[in-house]
Amino acid sequence: MPLDEYRRKRDFTRSPEPAGDRPATPRGGAAFFCVQKHLASHLHYDLRLEHGGVLLSWAVPKGPAIDPTVKRLAMQVEDHPVDYGTFEGVIPEGYGAGIVMLWDSGTWEPEVEDVDAAIRKGDLKIRLNGVKLKGSWVLVRTKGGGGRSWLLIKHRDEWAGPIDIAEFAPLSVKSGGDFADILAEGNPDIWRSNRPAQGGDTGQMFARIVERALALKTERAGREVPPAGPARARTRASRTAAKSKPAAKPTSSKRTRAAASRKASSKRR
Ligand code: MN
C-alpha cells in the first residue's frame with residue numbers, strides 16, 4: 001500500500017493531518033500539485049505531485065528557485081494522501097511537529113510520456129501551473145542519498161527569473177497568513193516550552209513566531225471585547241520606554257556584538 005509509510009509515522013489521534021482514508025477523487029485533466037512550507041525541526045518546503053492516487057513528495061530544504069542556474073536539493077519522502085494537499089495548520093507533537101503553510105498550489109502536467117518510467121530513470125520533466133511556480137521544471141535523481149536524493153531545477157522559459165521566490169512571496173496561498181498567523185489560529189500556548197526546535201536558527205525562528213502568535217491571539221481576543229483606548233496607548237508607551245532605557249548590565253553576547261561592530265566600523269574606516 002502506497003500510504004503505509006505515511007500512516008506508520010503518524011498518530012492521527014494526536015495530529016490534525018488527514019489520515020488519507022478518503023479515496024482520491026478522480027478528476028479529468030491536469031493533476032494537483034502543491035508546495036507546503038513546513039517549519040519543523042528545520043524549515044523546508046514539501047513539493048507534492050498528484051500521481052497514481054497519491055501525492056509524490058520531496059522535501060526541498062531551501063525551497064524551489066525560479067533561477068535556472070540554481071539547483072535545489074529535493075529529498076524524496078513518503079507518498080502523502082491527496083487530501084493532504086490542501087492541509088494548513090499546526091502539528092503539535094510527533095512526526096513533523098511544527099507549522100504547515102500551503103505556500104503554493106495548482107496543477108501540474110508531466111513533460112514525459114510515462115511518469116513511472118521517468119521516476120525509475122530519475123529524470124522527471126514537469127510543467128507547473130501554480131500561483132507562484134509556473135512553467136517547465138525538472139527533477140533529476142543524484143547519486144547517493146539511498147536513491148532519495150534529487151535536484152529540482154527550473155528550465156529557462158518565460159517564468160524563470162533571478163528573484164528569490166521564497167523570499168519574494170513568503171505567505172500562504174490559502175489564508176494569506178504567515179507562520180505566526182497560522183499558529184495564532186490554534187493554541188500558541190502549546191509551545192511556550194518544548195518547541196519542535198530549541199537551538200540554532202530554527203529555534204530562534206520558533207521563539208519569535210510563538211511570541212508573535214501569542215501577541216496576535218491576545219490582540220484578536222481584545223478586538224472581540226474592545227479594550228479602552230488609553231490602555232493600549234499606555235502599553236505602547238511603556239514598551240518604547242523599555243526599549244530606550246539603557247541596559248544596566250549588558251549581557252556578554254551584547255558586549256561581544258558591540259565589540260564586533262566597533263571592530264567592523266574601524267576596519268571600514
Ligand atoms: Mn515536511
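## Overall make-up

The chain has seven helices and nine strands. Both are DSSP runs numbered from the N terminus: helices are H or I with at least four residues, strands are E with at least two. This is a predicted model, in which local features need pLDDT of at least 70, side-chain atom pairs count only at pLDDT 80 or more, and totals for chains, interfaces and linings use all residues. Residues are numbered from 1 along each chain as its sequence is written.

Of the 269 residues, 27% count as buried. Buried means 20 or more other C-beta atoms within 10 Å of the residue's own; 12 or fewer means exposed, and anything in between is partly exposed, with C-beta atoms placed from the backbone. Among contacts with a separation of 6 or more, 58% join residues 24 or more positions apart. A contact here is a pair of C-beta atoms, placed from the backbone, within 7 Å.

## The largest nonpolar core

The largest nonpolar core holds 44 residues. Such a core is a set of buried Ala, Val, Leu, Ile, Met, Phe, Trp, Tyr and Cys residues joined through C-beta atoms within 7 Å. Ile99, Phe179 and Leu183 touch the most other members. Strand 6 (residues 98-110) gives the most to this core, with six residues.

Take Leu183. Beyond its neighbours within four places in sequence, Leu183 contacts Val90, Ile99, Pro188, Ile209, Val210 and Ala213.

Strand 3 (residues 54-60) is mostly covered, with six of its seven residues buried. Strand 3 runs antiparallel to strand 2 (residues 43-51), and seven bridges join them. Strands count as paired when DSSP finds at least two bridges between them. Leu49 has Leu56 of strand 3 as its bridge partner. Two residues lie between the strands of this hairpin, where Gly52 takes a positive phi near 60°.

Strand 3 also pairs with strand 4 (residues 71-81). That pairing is antiparallel too, over five bridges. Here Ser57 is bridged to Val77 in strand 4.

## Leu124

Leu124 sits in strand 7 (residues 123-130). Leu124 counts as buried because it has 24 C-beta neighbours inside 10 Å. Leaving aside neighbours within four places in sequence, Leu124 is in contact with Val112, Val115, Ala118, Ile119, Val138 and Leu139. Glu111 is 13 residues from Leu124 in sequence; the C-alpha to C-alpha distance is 7.7 Å.

Terms used: Contact = placed C-beta atoms within 7 Å.
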